[in-house]
Every structure is written in structure tokens, then in C-alpha cells.
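The model is shown below.

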Amino acid sequence: MTQFKHLFSKLVIGNTELKNRILSTAHQTNHVKDGIPTSDMIAYHETRAKGGVGLIVLEAAAVHVSGNLTSHTIAGYDPNIVDAYKGLSNRLHKYGTKVFSQLFHGGREVVSSDYRNAAWAPSAVPSLRFGIMPKPMSLEDIEEVIEGYAESAKLAKEGGLDGVEICCSHGYLPAQFWSSLTNLRTDQYGGSFENRMRFIVDIVDRVWQKVGEDFTVGIRMSADELTMDGTTLKDAVQIVEYLVDKVRLDFVDVTGGNSSTYEGSTHIVPPSPMKHAYLSAHGFKIRMAGAVPVFIGSRIVDPVEAEQIVSTGKADVVGMTRALIVDPDMPNKALQGEAHAIDACIGCLQACIGHYHKGLPIGCVQNPKTGKEAWVFEELEKPREKKQVVIIGAGPGGLEAAITADALGHEVTLIEKHNSIGGLLQTMRKTPMRHELAESMIDNYSRKLSRSNVQLKLGEVVDTETIAQMNPDAIICATGSRPYVPVIDGIDDARVILIDDLFKQNAKVGKRVIVFDFGGDWPGMEAALHLAEKGHEVMLITSRLHIGESVHQYLRNEYLKKLYDLNVKLLPHYDLGSICDNQVEIRNLFNQQKVQLENWDSIVLAVGRVPHDDLYENIKNLVPIVKQIGDCLGPRTIEEATHEGMLTAMNL
């Protein structure tokens with residue numbers, strides 16, 4: 001504990017004593033049905049409470065039917081929520097973890113996977129990101145919503161929760177009222193600064209009237225919306241100074257960004273490779289302005305970072321949500337001096353916030369057990385007959401299969417033809433924006449292997465004779481994939497470079513480069529950035545509806561920002577037709593128009609991948625159990641690889 005003495009010190013927030021300073025901030029799990037948390041949500045949060053987190057702020061609970069972000073939003077205003085809160089609080093409190101509800105209304109910001117309610121806002125100013133024009137709220141609407149906040153807080157207290165956090169961050173409804181750009185009203189809720197602050201002041205006052213003094217109430221706010229025309233740190237300081245003078249606030253949870261713009265929305269869940277803990281200085285200024293405890297988050301994924309923030313007074317509590325998503329036991333490991341055993345968040349966004357935006361339950365690429373806690377741990381604990389298992393290929397799928405099979409008691413041999421683990425991660429680690437993801441994942445698995453009984457064989461090629469000699473009970477083929485080469489005229493031109501070869505040393509690339517992208521994923525964008533940073537003139541052509549279509553929107557925002565900064569020419573809706581002498585023919589996917597491109601020196605192809613399944617076909621009948629996983633089964637993403645690695649090992 002000596003290393004993290006500040007992080008694991010107790011703290012009183014309002015009427016709540018925290019056992020440590022580690023916070024799981026509000027984040028959507030999609031484990032909600034008809035507005036009520038499910039047993040899956042309880043299991044998800046209980047796993048993190050058991051792992052040692054001090055405070056969990058549950059995901060956004062709508063305070064009014066007009067405030068539902070999606071059909072999977074907690075109905076904080078529904079009296080039926082009380083029993084669900086009791087189920088959550090009883091399970092989490094037994095580990096000493098405190099639980100808050102986040103009281104939420106998005107205003108004009110509505111994310112919906114099905115029927116979309118009319119958006120309510122102070123004025124008819126649209127959201128640029130979602131293209132939503134809201135209905136200006138009447139005074140009766142305002143009163144109804146204020147009462148909704150208060151009643152939702154009362155229900156949270158009746159459900160045994162320890163406090164509530166009123167969400168004013170990311171340009172949601174309270175922030176829409178206090179911004180002069182979104183609040184154009186001329187009544188008592190608009191105009192002057194004091195009038196624009198009236199909505200949140202009335203909310204906090206009404207909440208305290210409903211819950212009494214023996215509770216904890218604070219707000220979450222963006223200290224800087226980090227976007228065009230957004231509120232700034234100077235604005236945030238003024239808001240906090242005003243609020244603490246007018247109402248009782250027990251804490252301020254500081255974040256950044258604004259949901260209504262692409263640029264601002266990135267900071268809701270900042271991806272790799274954005275800087276770690278980049279808002280900590282903002283937290284300190286808000287702490288000084290309000291003289292109340294401050295929570296801070298945004299890419300704080302390491303307890304060493306968290307300890308430094310708390311010890312230097314930048315914040316009182318540290319949001320480490322994604323660190324807890326990937327490793328629920330992170331707090332206990334840090335407390336017990338086992339920081340080396342902590343799995344790091346890789347910052348990919350694919351299965352955490354990415355699943356939310358797809359309407360799927362929360363998951364994690366690095367930890368495929370996340371979101372499945374209600375059944376996966378019970379399944380892992382079932383007795384199994386010990387088997388000799390050979391896993392071929394040490395990419396993400398093979399690595400996860402090996403670690404899982406070893407944990408289940410099997411005798412595991414992991415064979416990789418290259419001299420290092422990681423598979424395609426070894427290419428990713430050389431790219432401009434995926435390097436942190438790749439290096440973190442390789443490091444996570446390297447440390448897992450060092451603590452396991454897995455026999456790792458590097459630099460060995462497997463054939464049928466090798467398998468026959470080993471005589472295993474089961475084989476898992478995780479041999480990955482290779483770049484797809486389209487069958488078109490001119491494809492054998494010496495100036496054509498495959499994506500895997502581009503990032504190898506001494507790849508010869510001309511001055512003017514065309515990059516062809518098929519899947520809208522990272523390879524094409526990384527190739528374009530890599531080349532543009534080296535001074536090449538680059539055109540990125542994709543057959544998707546838009547650049548980066550398959551990448552999570554917050555990460556795509558960062559890619560596009562850099563591509564524009566580097567003057568990369570972007571062209572969607574075209575594929576590669578043929579190559580003839582100095583002309584490249586591209587074809588429009590809508591009207592079939594053909595366009596001839598001249599004055600180019602090199603072509604980089606990132607047009608898909610093909611399974612490496614030759615070995616599987618040769619050995620599939622050699623032993624009783626032979627399985628394919630990941631790209632060897634069908635090229636997809638890292639998430640499918642690790643998910644299949646875990647499930648296949650579990651089902652041996």
C-alpha cells in the first residue's frame with residue numbers, strides 16, 4: 001500500500017465515506033430492460049465492487065421520459081426503480097463500495113436505436129452531430145423536468161443508494177440552459193448569466209428538499225467542452241463559483257467535451273493514443289474555484305497516474321472506468337502490491353462505448369469476460385477433464401485461448417512461427433495511431449504468459465508431422481490471415497504495395513501515393529497517415545460510404561482530424577478497377593462511372609484479408625478436436641478473435 005497511500009486513503013464526500021479514491025464513472029452497459037437494471041448489470045458492477053473500487057456511479061438514469069437517451073436507459077423517474085436499486089446497493093455495499101445514481105437528461109442530445117422521442121431543450125438550436133432539432137421547453141415542461149430530477153433523487157435514496165450526481169456535462173440539458181449559444185430564451189430561464197443558471201440552481205434546491213440533509217449530491221460538468229463555440233475552462237470556473245455560493249454541492253465530477261459536435265464528442269470517451277490524464281490540470285482549477293471535492297477522469301488507466309493526481313492535489317477522486325472494465329481487480333491488485341499483474345486498457349473503444357452505440361451489451365476486447373459476468377464465471381468454475389491442447393498462432397485469439405485454457409487446468413502448448421507474439425499487433429505497433437493499443441495488448445499478454453504454465457514455442461513452423469508427434473487431445477488453429485490481392489489487370493505492377501509490407505523496414509514508396517481502403521477500418525487510414533507524415537502526397541480512396549466507417553466514431557474523429565491536418569485527399573465511394581501503365585482506373589460504386597487517375601508513383605492496398613486456413617485443412621481430422629478462431633476462421637476484428645479464443649477454450 002505504501003506506493004499508493006493517497007489513492008487508498010479514506011475520504012468523506014458529503015454524507016458518504018469512501019474507502020479509497022478510485023471511481024467507476026457513469027457509463028452505459030445496455031443491461032437495462034424496460035427502464036430497469038437487469039441481473040446482468042448487478043453482476044457486472046458486483047465484479048468491480050469485489051475488485052475493490054471505492055465508488056460506482058451507475059449509468060445515466062433519465063429523470064423524465066423525454067430524457068431517455070435510448071430504449072436501454074434507466075428510468076430513474078419510475079417508482080419500480082427502487083427495488084432494482086435495492087438489489088444493486090445491497091450487493092455492492094457488502095464489499096464496502098458506495099453507489100451513486102447519475103440523474104440525466106440529454107436535452108437535444110438523443111441517441112436512439114429505435115423510436116426516438118421528441119427532444120426537449122431550452123431553445124430550438126439543433127445538435128450538429130445528431131442533426132436533431134429540439135422542441136423549446138415551456139415553463140410547464142421546465143417545472144416537470146425539475147420535479148423529475150428531485151423525484152429521481154428521492155427514489156435513488158429509497159433504493160439504498162448513497163448519493164446522486166446531476167449530469168451537466170457534455171452539453172446535456174443543464175449545460176444547454178447555462179450556455180448563451182443554446183439558450184435563447186427571454187423569460188426567467190434565459191438572458192443574463194443568473195437567469196441561465198436558474199435551471200440548475202432550481203434542480204439542486206429541489207433535490208435537497210426531496211432527499212433531506214443526510215445524503216450526497218453533486219454535479220458532473222465539462223471543465224472545457226473542447227470544441228467550436230463551446231464553454232471554456234474560464235466559463236466553468238465562473239459556473240462553479242456561482243453554484244457553490246447559491247446551493248450545497250458535495251462534489252464536482254470534472255470531465256471534458258461536448259456531445260453535439262464530432263470534435264467535442266471525442267472527449268466523452270477519449271481513445272488511444274490521446275494523452276493520459278489530460279484533464280487533471282482542469283480538475284485542479286475547478287477544485288480551487290469551488291473549494292469542494294473534485295473527481296477527475298479521462299484516460300486515467302494506471303494507479304501510478306491516479307496516485308500522482310491525488311497526491312499533488314489535482315483531484316480528490318480519480319475516475320478509472322476503462323481500467324476497471326478491462327481489469328475489475330485493478331484496485332485490489334494495486335493495494336496488495338501486485339501492480340505488475342494489472343491488465344492495461346488498450347484504448348480501442350470497440351466493445352465498451354462501441355457496443356453502446358451499436359445497442360449491444362458492454363464488452364471489452366482485452367477482457368472478453370466483461371459484460372458476461374452473470375454466467376461466465378460460473379461456467380469457468382465447472383470441473384473439466386484435463387486435456388493436452390496445442391494452439392497454433394500467438395495473435396490475440398491464440399493468446400486468449402492459451403491463457404483461458406491454462407486457467408482451466410489444461411496442459412497448453414502455444415506455437416508461433418515468428419519470433420514474437422502478437423500476430424497482426426506487430427504491424428499495428430508500427431502505425432501512427434494504433435501503436436499504444438498494440439503495445440499495451442502485447443504487454444498484457446506477455447505478462448499473463450509469464451505467470452501461466454503455458455509452454456510457448458516461438459520461431460517454430462507446424463505441419464502434420466509435428467502434430468502427429470505431439471498427439472494432442474485438441475488443437476486450436478489461430479493462424480491469422482494475409483492481405484487480399486484483387487484479381488484485376490495490372491495488379492502485379494511493381495509499384496503496388498500490400499499493407500503488411502508498407503510498415504516493414506525499407507519499403508520503397510514513391511512521392512505520390514494512392515491508398516485503397518476496402519473495410520473502412522484502421523489499415524487504410526494508418527497507411528495514409530504514415531505516408532503523409534513522411535512527406536508523401538497521399539490520396540485515400542475508400543469503397544465505404546465515408547472514411548473510417550468501421551471505426552468507432554470517437555476514434556474516427558481523431559483520424560479525420562489528423563488526415564485533414566496533413567492535407568490527405570479523401571475520396572469515398574470508389575473501388576480499384578485496373579492498373580494500366582501510368583493510369584489507375586477507379587469505379588464509382590453508385591453510378592459505375594470510371595475515372596482515370598494519373599501522376600502517381602505507388603499504390604498501397606488495404607483491401608481486406610484472407611484466412612490462413614491451409615494448415616487447418618491439413619490437420620482438421622488428425623485429432624478428436626480441431627477448432628478455428630479469429631482471422632483463421634474469418635478475418636474480422638480483435639474483438640472476435642479474443643471472444644472466440646475464450647469461448648473455444650471454455651468449450652473444449
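## A hairpin, a pocket and the cavities

In strand S27, Val595 is the bridge partner of Ile586. The model in which this pair occurs is a predicted one. The pairing belongs to an antiparallel arrangement in which strand S26 (residues 583–588) is joined to strand S27 (residues 594–597) by four bridges. Together S26 and S27 make a hairpin, with five residues between them. Within the turn, Gln592 has a positive phi of about 65°.

Three cavities of 30 Å³ or more are present in the structure.

| Space | Volume | Lining residues |
|---|---|---|
| Second largest pocket | about 870 Å³ | 33 residues |
| Largest cavity | about 620 Å³ | 40 residues |
| Second largest cavity | about 110 Å³ | 14 residues |

The residues of its lining that lie nearest the centre are Asp329, Asn367, Lys369, Phe377 and Leu380. Three helices, H1 (39–50), H13 (373–380) and H14 (396–407), each contribute at least two residues to the lining of this pocket. Classed by residue type, the lining of the second largest pocket comprises 15 charged, twelve nonpolar and six polar residues.

Nearest its centre lie Ala26, His27, Arg220, Ile268 and Val269. The lining of the largest cavity divides into 22 nonpolar, 13 polar and five charged residues.

For the second largest cavity, the volume is about 110 Å³. Closest to the centre of this cavity are Cys345, Cys348, Cys352, Cys364 and Val365. The lining of the second largest cavity consists of ten nonpolar residues, three polar residues and one charged residue.

Set side by side, the linings show these class counts: 15 charged residues in the second largest pocket, five in the largest cavity and one in the second largest cavity. The corresponding nonpolar counts are twelve for the second largest pocket, 22 for the largest cavity and ten for the second largest cavity.

Key. Residues are numbered from 1 along each chain as its sequence is written. This is a predicted model: local features need pLDDT of at least 70, side-chain atom pairs count only at pLDDT 80 or more; totals for chains, interfaces and linings use all residues. Side-chain values use heavy atoms; hydrogens and water are left out. On a 1 Å grid over the protein atoms alone, a cavity is a set of points where a 1.4 Å probe fits but cannot get out, and a pocket is an open set with protein on both sides within 12 Å along at least five of seven lines; lining residues have an atom within 4 Å of a point. Grid points are joined across faces, edges and corners, and a volume is the space filled by probe spheres set on the points. Ala, Val, Leu, Ile, Met, Phe, Trp, Tyr, Cys and Pro count as nonpolar, Asp, Glu, Lys and Arg as charged, and the others, Gly among them, as polar. Two strands pair if DSSP finds at least two bridges between them.
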